[in-house]
Amino acid sequence: MRPTVSRSIAAVSCLLAATALEAARRPHYGGTLRIEVSGAIGSLDPADMPTDPAEAALKENIVREVFNNAGATGPFRVANWEPMKALALEANEQFQGGRPYLDRVEIHMGRSPRDQALDFELGRADVIELPPSDLRRAQQQGGHTSESAPCRVIALVFNGRREDLDRLRQALALTIDRPAIRNVLLQRQGEISGALLPAWLSGYEFLFPAGRDVARAKELATLAAPLSFAWDSQDALLRSIAERIVVNAAEAGLTLRPTAGSQADARLVVLRIASDDAGDALKALGGAAASDPLKLYEAERALIESRRMVPLFQLPIAYEMGSNVHAWTTGPTGNWRLEDVWLESARP
Amino acid sequence: MSGRILLCLLLTAICGAQTLDEAVRGLAKKITAQLAPGEVARVTTMRNLSPLGRADTTRARTVLERALRQPVTRAGHPVDIAFTISHNPRGLLLVAEIERGDDRQVEMVEYAAPAAPVRSTHALLDKRLLWEQDEPMLDVRVDGDTMLVLEPTEIVDYVRRPSGWERAEAKPLDGAVAVRDPRGQLQESGESYTAFLPGAVCRGAWKPALDVHCESGGTEARLTPARNTLQVQDWPPVFSFAQIDERSRPLYLTAELDGRTHLYDGARRPVGAFDTWGDDFAAVDNGCGAARAILASSTSGRDAADSVTAFEMVDRKPVAIGDPAEFPGPLTALWPAPGGAIAIARDLPTGRYAAYSLTLNCGR
C-alpha cells in the first residue's frame with residue numbers, strides 16, 4: 001500500500017472511530033493481566049521440570065518471569081501460589097530491566113479449551129490459548145492473536161521388539177495422508193514435516209521426506225500382524241489425528257488397534273522444541289550435540305532412526321488476547337515476555 | 001592517524017567477510033571431495049527457500065556450476081546435484097544433495113550475510129541524521145565539534161575528527177533507575193548541561209571535560225520516578241506537554257494516558273481533545289507565520305514506521321503545515337531543542353537507534 005493511501009486510511013479511521021484509540025503509543029503502567037492455560041504445574045522449583053511438553057513450556061515461562069533463568073530475581077514476584085490451579089505474580093519494583101508495566105499477572109491453570117473460550121467471551125480472561133483448529137476462525141473474526149514459530153512436533157514413536165517394526169514404521173509413514181489432516185483437522189495451521197527440527201530453525205528440514213506412497217506402503221505391510229496404537233485420550237486434537245491415521249493405515253492393509261498405556265507398538269505424541277538454538281533443541285529431544293549444520297543433520301537423522309520416530313507435523317503455539325492487551329509477544333518457541341505487556345485501560 | 005587506523009580496520013572487516021560467491025565455492029569444494037574418479041557433478045535442480053532474490057540465486061547457481069566444472073573437459077559419469085539455498089537463524093544455508101540413484105549424500109555450507117546498509121529516508125520535513133548507534137539513546141545535543149549523547153545509564157561525550165565522531169568520554173549516571181520505556185531529556189547552557197531522567201536530575205559540564213553529578217527526587221525532576229511520564233507542576237502525569245500561544249492567549253497541550261491530546265486554556269480549563277497525534281510532540285519556533293508550531297508523532301504502533309508532522313493550532317484544532325518526515329521505525333523520543341527538535345527513532349530493519357535534528361524551513 002502506498003504511504004499516502006495508508007496515511008489517508010489511518011486519518012479516516014481516526015475520525016470514524018473516536019473511541020477506538022490507537023493513539024496510545026507509549027505504554028501504560030498498572031492493571032492486572034489474566035491468563036488461562038490448559039497445562040498445570042505443581043511446583044515452582046526451577047530444577048523440577050515436567051515431562052509433558054505443555055507443562056514444561058508453562059513452567060519455563062513462569063520460571064523466566066520469576067527467577068529470570070539465572071536464579072536472579074525476575075520481573076515479577078510470586079504473590080499467591082496454588083499448585084496445579086493458580087499463580088498470581090506481582091511486579092518487581094526493583095527488577096534490573098525496569099519495573100514491568102503490569103501491576104499483577106494472574107495465571108489460571110488446568111483450564112480446558114472450552115472453559116478458556118467461555119471466560120474470554122465473558123471478559124474473565126485477557127489471554128487464552130488457541131487450539132490450531134480455532135486460530136483461523138479467531139483471525140477471521142478480527143480477534144487479536146499471537147503465535148509462535150512451529151515449536152511442537154506431532155510424531156509417531158515406535159516401541160517394542162517386533163522384528164517387522166522398522167518395516168511397518170516405514171509403511172505407516174508412507175500411508176499417512178498428511179495434507180488431508182493438515183487441511184481439515186489442523187485448519188491449515190502448522191507445517192507438514194518429516195523432520196524433528198522445524199525449517200525456520202535448521203534450514204535443512206526439506207531433506208527429510210514426508211511424502212505419501214500407498215502402493216509402497218502396501219508392499220511393506222503385506223501380511224503384517226496388527227499394531228497396538230496409543231495416544232493421549234485427553235487431547236482432542238491428538239485423538240482426531242490418531243483416528244485419521246487408523247483409517248489411512250487400513251488403506252495400506254495395516255491394522256492399528258487403539259490401546260491405552262505406554263507399551264503400545266506405536267504412540268502418537270507431541271514433542272517440544274525447547275530452544276531457538278538448533279543444537280540445543282535437538283539435544284533436548286535426545287540427540288547428539290552438534291553445531292555444524294551437516295553434523296546436526298546427521299545427528300537428527302540418527303535420533304529419528306534410533307528412537308524409531310515418524311515426525312508428521314510441526315505446529316505453533318497460539319494465543320488470543322483482548323483488544324486492551326498490548327505488546328504481547330509469543331517467542332519462536334512459545335516463550336512469553338510479560339514484562340513488556342501493558343493494558344490500555346488499567347484495571348485497579 | 002586515527003583516520004588511517006579506522007580505514008584499515010574497515011578494509012580488514014570488509015575483506016575478512018566471506019561473500020556469497022566464496023560460500024558457494026566452498027560448497028563446490030565439498031561436493032568435489034565426494035566425487036569418485038571419473039564422476040562429473042552437474043546441477044540438475046535449484047531451489048530457493050531463503051529470502052534471497054532471484055538475481056542472487058541465479059548468480060549462486062552460475063558460480064556453483066563454474067566451480068564444479070572440470071579443469072580439463074572429459075567425458076565422465078554424471079552425478080546429479082540438487083542445490084538448495086535455505087536459511088535458519090544463523091544465516092543462509094547452502095545445501096547440496098549428491099544423488100546417485102537411490103543413494104544420496106548431503107553437503108552443507110553456512111553463509112552469514114553481512115548486515116544490509118542502512119537506507120536513508122527521503123526528508124520531507126528538514127530532517128538531518130545526527131548520530132546512530134546500537135544502544136538506546138534518550139537525547140542528543142551537538143555543538144560545533146562536540147556531541148553529547150544521553151543514554152539510559154550513562155552520558156557520552158563525542159568529538160568530531162576528520163574520520164567522523166569519536167567517543168571521547170563517558171560517565172555513568174549514578175542514581176538512574178532502569179525503566180522499561182526509558183526517557184530522558186538534555187538541556188544545555190554554554191559549557192554545562194542538565195539531564196532529566198525519571199526521578200533524577202543530573203548536572204555537569206561537557207566542555208572542556210565531561211563531568212556529572214546526579215540527584216534523585218527533588219522538585220526539579222521532570223520525569224516521573226520509574227515511569228515513562230512527565231511530571232509538570234500541578235498537572236497529572238502526561239506523556240508530552242507544550243504551551244503555545246493562540247491569538248495571544250496561552251494554550252496548553254497534553255498527551256494524556258487515555259491516548260488523546262487534550263487542550264486547556266490559560267485558566268487550565270479543558271477546551272478540546274483529539275486523537276490524531278501520537279504520544280510525543282514538541283513545540284518549536286516556527287517563523288512561518290504563527291509564533292510556535294507543534295511537531296507531533298503519528299499514531300502508528302510501536303513496531304511500525306513512524307512520522308513527524310508540523311502543525312499549527314487554528315481555532316484549537318491542529319492543522320498540518322507541511323509534509324511529514326518519515327522514519328524507518330517507531331519514535332522513541334521527540335524533544336524540543338534549540339532551533340527545532342530532536343527525534344530519536346529505532347530503525348526496525350537494523351534495530352539501531354538514530355537521532356535526527358528536525359527544523360522547520362519556511363523557504364521550502
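A: Happy to. Let us begin with the bond between B:Cys202 and B:Cys214: the torsion about its S-S bond is about 105°, so this disulfide is right-handed. B:Cys202 sits in strand 12 (residues 200–205) of chain B and B:Cys214 in strand 13 (residues 213–216) of chain B, so the bond ties together parts that are 12 residues apart in sequence. Please keep in mind that this is a predicted model. In it, the sulfur atoms of B:Cys202 and B:Cys214 are 2.0 Å apart, and the count over all chains is one disulfide. Both B:Cys202 and B:Cys214 are buried. In chain A, A:Cys151 is buried too, with a relative accessible area of 1%.

From here, let us turn to how the two chains meet. The contact draws 35 residues from chain A and 48 residues from chain B. Together the chains bury about 3,400 Å², with carbon and sulfur atoms giving 52% of that area. On the chain A side, A:Arg25, A:Arg26 and A:Phe206 supply 28% of the area buried against chain B, more than any other three residues. Three salt bridges cross the interface of chain A and chain B. Polar contacts between chain A and chain B come to 15 residue pairs. Helix 1 (3–16), helix 7 (199–202) and helix 11 (293–306) of chain A each supply at least two residues of the side that touches chain B. Helix 7 of chain A gives the most to that side, with four residues.

Chain A also has an interface of its own. This chain is divided into domain 1 (32–148 + 318–343) and domain 2 (152–315), and the C-alpha centres of these domains lie 29 Å apart. Their contact takes 11 residues from domain 1 of chain A and 15 residues from domain 2 of chain A. The area buried between the two domains is about 1,100 Å², with 56% given by carbon and sulfur atoms. A:Pro132, A:Arg136 and A:Thr333 supply 49% of the area that domain 1 of chain A buries against domain 2 of chain A, more than any other three residues. One salt bridge is found across this domain interface, and two residue pairs are in polar contact between the domains. Helix 2 (53–67) and helix 4 (132–140) of chain A each supply at least two residues of the side of domain 1 that touches domain 2.

Definitions and conventions. Residues numbered from 1 in each chain as written. Chains lettered and ligands numbered in written order. Predicted model: local features only at pLDDT ≥ 70, side-chain atom pairs only at ≥ 80, totals over all residues. Heavy atoms only, no water. Disulfide = S-S within 2.5 Å. Buried < 20%, exposed > 50% of the residue type's maximum accessible area, 1.4 Å probe, protein only. Domains from an automatic or database assignment. Contact = heavy atoms within 4.5 Å. Buried area = accessible area lost by both parts, 1.4 Å probe. Salt bridge = Lys/Arg side-chain N within 4 Å of Asp/Glu carboxyl O. Polar contact = N/O pair within 3.5 Å; in protein donor to acceptor, adjacent residues only side chain to side chain.
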